[in-house]
Amino acid sequence: MAIRVIAGTAKGRHLKLVPGDTTRPVMDRVKESLFNILGGALTGATFLDLYAGTGSVGIEALSRAAEHAVFVEQDKIAARIIQENLQATGFTESAEIVRADVRDFLRRAPSKAYEIVYIAPPQYKGLWRETLLLLDKQIEHVAPDGIVVIQIDPSEKTDVTLDVLAAYDERRYGNTLLMFFERPGA
């Protein structure tokens, strides 16, 4: 399986995959739909890619006019692949890679609030729910009117009660479910 940037300034550039089965790159069809839904919200946005894997989603955001992206990835090899993919697409100046456990990263006070947060954790471990609840508690990571997107297998979906974030959309593409939440503006 090959992955590539599908639109924007780096359109057509191929990205390296992380060896093994520790990451699950998002399919082009899902990525295209995601970015069509986000639309103009990307322009000039700060983008937080949690459980970044290959970095393909954050790189796609940069290619489509996001101003800055932070990639949080614990795995050393994956972090190296993200760096190589950023170099191949010319986005190293617009990006930062943080090697940390996502939950530890979210427990720290943020240096900035992000307009878009993308969460695509390893499957079937309940991490999406734990991460979303933590983000809802540490809401200063999300800018007012900011968007949080969760990518999971539909079988993982469970109800979640949030204090600040509000669900507003959900889309299913085969075995991929995208759930959209927003932080209401001030």
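Which residue in E7 does Ile119 stand opposite? I looked it up: Ile119 stands opposite Ile150 in E7.

**Ground rules.** I am working with a predicted model, in which local features need pLDDT of at least 70 and side-chain atom pairs count only at pLDDT 80 or more, while totals for chains, interfaces and linings use all residues. Residues are numbered from 1 along each chain as its sequence is written, and side-chain values use heavy atoms, with hydrogens and water left out. Element names follow DSSP runs, numbered from the N terminus: helices are H or I with at least four residues, strands are E with at least two.

**The sheet.** I began with the strand order. Seven strands form an open sheet in the order E5-E4-E3-E6-E7-E9-E8, and the pairing is mixed. Two strands count as paired if DSSP finds at least two bridges between them. Strand E5 (95-98) and strand E8 (166-173) are the edges; each has a single partner strand, so one side of each has no neighbour in the sheet. From one strand to the next, the twist averages 15 degrees. For angles here I note that axes are lines fitted to C-alpha atoms, for helices over the stretch in contact, and that angles run from 0 to 180 degrees between N-to-C directions.

**Strand E6 and its partners.** Next I followed E6. Strand E3 (residues 46-50) pairs with strand E6 (residues 114-119) in the parallel sense, over four bridges. I found that Leu50 has Ile119 as its bridge partner in E6. E6 and E7 also run parallel, joined by five bridges. There, Tyr114 has Val142 in E7 as its bridge partner. The chain passes from E6 through H5 to E7, a right-handed β-α-β crossover; right-handed means that, with the strands pointing away from the viewer, the path from the first strand over the helix to the second runs clockwise.

Is E6 enclosed or open? Five of the six residues of E6 are buried, so the rest of the structure largely encloses this strand. I use buried for under 20% relative accessible area, exposed for over 50% and partly exposed for in between (1.4 Å probe, protein chains only).

**Strand E7.** In E7, nine of the eleven residues are buried, so E7 too is largely enclosed by the rest of the structure. E7 pairs with E9 in the antiparallel sense, over six bridges. I noted Ile147, which stands opposite Glu182 in E9.

**Helices on the sheet.** Helix H5 (residues 127-137) lies across E3, E6, E7 and E9 and runs at about 175 degrees to E7. Contact means heavy atoms within 4.5 Å. I then turned to H1. Its buried residues include Val30, Leu34, Phe35 and Leu38. Among the elements that cover the buried residues of H1 are strand E1 (3-4), helix H2 (56-63) and E6. Gly39 follows H1 and has a positive phi, near 45 degrees.

**Salt bridges.** How many salt bridges does the structure hold? I find ten, a salt bridge being a side-chain nitrogen of Lys or Arg within 4 Å of a carboxyl oxygen of Asp or Glu.

- Glu84 and Lys16 meet through their side chains at 2.7 Å, N to O. The pair links distant parts of the chain, with Glu84 in helix H3 (residues 76-89) and Lys16 in the loop between strand E2 (14-15) and H1, 68 residues apart. Glu84 is partly exposed at 23% relative accessibility, and Lys16 is partly exposed at 44%.
- Glu130 forms a salt bridge with Arg103, and their closest N and O atoms are 3.3 Å apart. Glu130 sits in helix H5 and Arg103 in helix H4 (residues 102-107), 27 residues apart. Glu130 is partly exposed at 35% relative accessibility.
- Glu170 forms a salt bridge with Lys157, and their closest N and O atoms are 2.8 Å apart. Glu170 lies in strand E8 and Lys157 in the loop between E7 and E8, 13 residues apart.

My last entry is a network of salt bridges that links Lys31, Glu32, Glu60 and Arg64.
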